[in-house]
Amino acid sequence: MAKQQWYQDLSARIDPKNIKIDEALNLHTMTRMGGAADIFVTPDTEDEAAFTVQYAYKNNIPLLLLGNGSNMVVRDGGVRGIVLRLEKLNKITINGNRVIAESGADIIDVSRAAASETLTGLEFACGIPGSIGGAMAMNAGAYGGEIQDVIVQTTVLTPSGEKLILSKDELELGYRKSIITKKGYYVLSAEFELAPGIQEEIDAKIADLTFQRESKQPLEYPSAGSVFKRPPGYFAGKLIQDSGLQGKGYGGAEVSTKHAGFIVNKNNATATDYISTIEMVKSAVKKNFDIELELEVKIVGENVDL
């Protein structure tokens with residue numbers, strides 16, 4: 001009954017075609033796993049996004065921001081409450097050396113848009129499979145670069161739906177963390193400052209990093225990307241590889257034989273298979289090297305009721 005009421009209330013301000021009841025989240029995650037969301041909202045505007053956040057807050061309804069589903073494992077029982085996906089807020093604007101990107105824009109697209117204007121500084125992001133919102137929350141990085149190297153400011157919604165503009169210093173960016181995750185903020189947009197570059201050098205760097213990614217990462221299978229954070233002084237993939245875990249897993253999930261830092265959905269894996277494989281990896285690395293691997297991916301949702 002609650003779901004129908006939420007749907008009706010949200011429909012007063014949001015086009016009903018952008019609100020779905022019991023939407024299967026395996027359609028919206030990079031792992032191709034996960035149960036259903038009670039309510040799934042894809043607003044057309046920032047105001048509609050703010051209304052959704054405010055409505056959830058006022059009515060004490062759990063709210064999950066999905067991003068583009070690249071860094072998340074949704075359990076098989078799905079997600080109670082409202083799932084908000086900002087995929088339609090994906091505008092990229094370039095003004096001089098400044099790039100403004102809405103939350104739902106893929107960071108790969110932002111990197112390439114900057115390159116097309118001969119701006120350098122975001123090449124490192126040309127292979128990161130995430131949205132701007134997720135990249136901001138995690139201070140995403142690769143190949144020696146991080147979001148904190150180029151960010152100017154970010155517009156967010158607080159858990160109550162208030163809009164804030166946070167400067168670089170206010171974002172408290174660190175290794176795969178930020179005040180966004182700490183405070184439960186929802187990113188609306190981000191502004192970056194880049195530098196004029198040389199087109200041939202920018203293109204060459206993007207081509208090189210794209211080749212590295214495609215040759216080393218198991219892009220042929222669904223996955224949540226890099227599963228674990230890098231332990232200080234080590235590489236998670238190397239520890240997993242040295243533990244002899246490549247090719248092993250539960251059900252349809254498997255530690256990639258191409259890159260041990262990835263767990264792939266090789267054969268219709270369930271989220272339970274995937275999480276069991278994560279736990280197996282953590283246990284083996286702890287036993288072999290006395291190192292606790294920390295998750296880079298976020299695990300959300302409910303287990304299936306047995």
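This talk walks through one predicted protein model, from its domains to its strands, salt bridges and backbone angles.

Residues are numbered from 1 along each chain as its sequence is written, and the side-chain values use heavy atoms, with hydrogens and water left out. Since the model is predicted, local features need pLDDT of at least 70 and side-chain atom pairs count only at pLDDT 80 or more, while totals for chains, interfaces and linings use all residues.

Twelve residues of domain 1 and 17 residues of domain 3 take part in the contact, where contact means heavy atoms within 4.5 Å. About 1300 Å² is buried between domain 1 and domain 3, and carbon and sulfur atoms give 58% of that area. Buried area here is the accessible area, taken with a 1.4 Å probe, that two parts lose on being put together, summed over both. Which three residues supply more than any other three of the area that domain 1 buries against domain 3? They are M33, N71 and V73, with 43%.

Next, the strands. Helices (H or I, at least four residues) and strands (E, at least two) are DSSP runs, numbered from the N terminus. Two strands are said to pair if DSSP finds at least two bridges between them.

Please look at strand 13, residues 186-193. Seven of its eight residues are buried, so strand 13 is largely enclosed by the rest of the structure. The scale is as follows: buried means under 20% relative accessible area, exposed means over 50%, and partly exposed lies in between, with a 1.4 Å probe and protein chains only. Strand 7 (residues 98-102) is joined to strand 13 by five bridges, and the two run antiparallel. There, E102 stands opposite S189 of strand 13. Strand 11 (residues 151-157) also runs antiparallel to strand 13, with six bridges joining them. In this case I151 has F192 of strand 13 as its bridge partner.

A further sheet is open and has three strands in the order 15-17-16, with antiparallel pairing. Its edge strands are strand 15 (223-226) and strand 16 (253-255), each pairing on one side only. On average, neighbouring strands of this sheet are turned by 20 degrees against each other, direction ignored; the axes are lines fitted to C-alpha atoms, for helices over the stretch in contact, and angles run from 0 to 180 degrees between N-to-C directions. Strand 15 pairs with strand 17 (residues 262-265) over two bridges in the antiparallel sense. S223 has V264 in strand 17 as its bridge partner.

I come now to salt bridges. A salt bridge is counted where a side-chain nitrogen of Lys or Arg is within 4 Å of a carboxyl oxygen of Asp or Glu. By this rule the count comes to 17. How many of these salt bridges are found between domain 1 and domain 3? The count there is zero.

R85 and E87 form a salt bridge with their closest N and O atoms 3.8 Å apart. R85 counts as buried at 11% relative accessibility, whereas E87, at 31%, counts as partly exposed.

In the second pair, E172 and K182, the closest N and O atoms are 3.3 Å apart. E172 lies in the loop between strand 12 (163-167) and helix 5 (179-183) and K182 lies in helix 5, so the pair ties together parts that are ten residues apart in sequence. E172 is partly exposed at 42%, and K182 is exposed at 62%.

Finally, the backbone. Most residues other than glycine have a negative phi. R32, however, has a positive phi near 60 degrees. R32 sits in the loop between strand 1 (19-24) and strand 2 (36-41) and counts as partly exposed at 46% relative accessibility. Y143, also not a glycine, has a positive phi of about 50 degrees. Y143 is found in the loop between strand 9 (141-142) and strand 10 (145-146), and at 37% Y143 counts as partly exposed.
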